[in-house]
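Walk me through this protein, please.

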Amino acid sequence: MKHISSAANPRHQALRKLVQSSQERRKTGLSVLDGAHLAVAYREHVGPPRAIAVSRSGLANPEVQTLIQAMRGVEIIALGDALFAGLSSVATPTGILTVVETPRSRTVPRSMDACVMLEDLQDPGNLGSILRACAASGIRHVLLSKGSVQAWSPRALRAGMGAHFMLGIQEETDLIEAARDFAGTLVATRPLAPRAVFDTDLKGRIGFMFGNEGSGLSAGLLETADSVVSIPMPGQAESLNVAAAAAVCLFERVRQLSAIRTHGHSRPEAAES
C-alpha cells in the first residue's frame with residue numbers, strides 16, 4: 001500500500017486531473033469510480049481496476065476493507081481524509097475511488113432488438129439515470145450523439161449505479177446515420193404529440209429516441225422516426241424530466257412484453273402515425 005501525504009505528489013495530481021477533466025479521461029482512457037458499489041460492479045462485469053485510492057476513514061470501513069482484500073495485485077493508494085476530500089466529487093466522500101480502464105465504445109449491431117438513442121443530452125445526472133433505466137428494463141445498447149455529455153464522467157457514473165458496465169455504450173455517434181441503419185421501428189418522444197406512448201406497439205424491434213433537455217430532438221432526427229409519441233400528463237406540470245420520460249417509455253415496453261408472456265397474445269396494434 002502506497003501512502004501519499006502531499007497534494008503536490010504526482011500521483012495525487014494525476015488522480016485529481018482524472019476526476020476533474022473529461023479531456024484527461026479521454027486522453028488516458030481511464031475513468032474514476034466513486035464508492036464501493038461502483039468498484040464492485042466494475043469488477044463483476046468488466047474486470048479488476050487499475051488502482052484504488054482510499055482515505056484513512058475509508059480504511060476503517062468493513063466494506064472497503066473486504067473490497068481491498070479481494071483486489072489482490074491492484075495498486076492501493078492511501079491518503080489522509082483531507083487529501084481524499086480534494087479528489088472526491090461528492091459533498092460527503094465515500095472513502096474509496098477506483099481508477100479503471102474506460103470500456104471501449106462498442107460497435108452497435110444492426111440486428112439489435114432494442115436500443116436508446118440520446119441526442120445532445122447535457123446533464124450527466126440525467127444520462128446516468130437513463131442508463132440505469134435501460135439496464136433495469138432490459139435495453140442493452142445506448143447510442144449518444146457527438147454533442148452529448150461524456151458517459152464516463154463521475155456524476156454520470158454515480159447516477160448510473162453500475163448500469164454502465166451492463167450496457168453497450170457508443171459515444172459520439174452520428175444518430176441520423178444510425179437511425180437510417182436501424183432495422184426496426186424508431187419511436188421519438190415529443191411533448192403534445194397526438195399519439196400516446198401507451199397506445200403504441202413497442203413489442204417488436206424498437207429504437208427509442210430522446211433529445212436535449214431544453215430543445216428536445218432535432219428536426220433531422222425526428223424525420224427518421226416511424227412514430228412520434230407523447231406521455232399523457234393529466235396534472236398541471238408542463239413537461240417531464242427527460243430521464244423520467246425515458247423511464248416511462250422503457251417500462252411501458254416492459255409492460256407490453258410482460259402481457260404477451262402472461263396472456264399469450266398481444267393487444268391490437270395501434271395505427272401507424
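In this predicted model, Tyr42 counts as buried because its relative accessibility is 4%, and the cut-off for buried is under 20%. Phe165 is buried too, at 5% relative accessibility.

How are such ring pairs described? A pair of aromatic rings is described by the distance of the centres and the angle of the planes. The count for this structure comes to three aromatic pairs. In one of them, the ring centres of Tyr42 and Phe165 lie 5.3 Å apart. Their planes stand at 90 degrees, so the pair is edge-to-face. This pair links distant parts of the chain. Tyr42 sits in helix 3, residues 36-45. Phe165 sits in the loop between helix 8 and strand 8. The two are 123 residues apart.

Phe208 and Phe210 form an aromatic pair that is stacked. Their centres are 6.2 Å apart, with 10 degrees between the planes. Phe208 is buried, at a relative accessible area of 0%. Phe210 is also buried, at 1%.

Rolling a probe the size of a water molecule over the atoms shows where empty space is left. Searching the whole structure turns up one cavity of 30 Å³ or more. The largest cavity holds about 40 Å³ of space. Which residues line the largest cavity? The lining consists of Val19, Val32, Asp34, Leu87, Ser89, Leu97 and Pro154. Sorted by class, five lining residues are nonpolar, one is polar and one is charged. Asp34 is the charged one, because Asp counts as charged. Ser89 is the polar one.

Last, the backbone. Most residues other than glycine have a negative phi. Asp120 has a positive phi of about 55 degrees, although it is not a glycine. Where does Asp120 lie? Asp120 is in the loop between strand 6 (114-118) and helix 7 (124-137). Its relative accessibility is 31%, so Asp120 counts as partly exposed.

Met161 also has a positive phi, near 55 degrees, and is a residue other than glycine. Met161 lies in the loop between helix 8 (154-160) and strand 8 (168-173). Is Met161 buried, exposed or partly exposed? With a relative accessibility of 36%, Met161 counts as partly exposed.

Note on methods: Residues numbered from 1 in each chain as written. Predicted model: local features only at pLDDT ≥ 70, side-chain atom pairs only at ≥ 80, totals over all residues. Heavy atoms only, no water. Helix = DSSP H or I, 4+ residues; strand = E, 2+ residues; numbered from the N terminus. Buried < 20%, exposed > 50% of the residue type's maximum accessible area, 1.4 Å probe, protein only. Phe/Tyr/Trp six-rings, centres within 6.5 Å; stacked < 30°, edge-to-face > 60°. 1 Å grid on protein atoms, 1.4 Å probe; cavity = no way out; pocket = protein on both sides within 12 Å on 5 of 7 lines; lining within 4 Å. Points joined across faces, edges and corners; volume = space filled by probe spheres on them.
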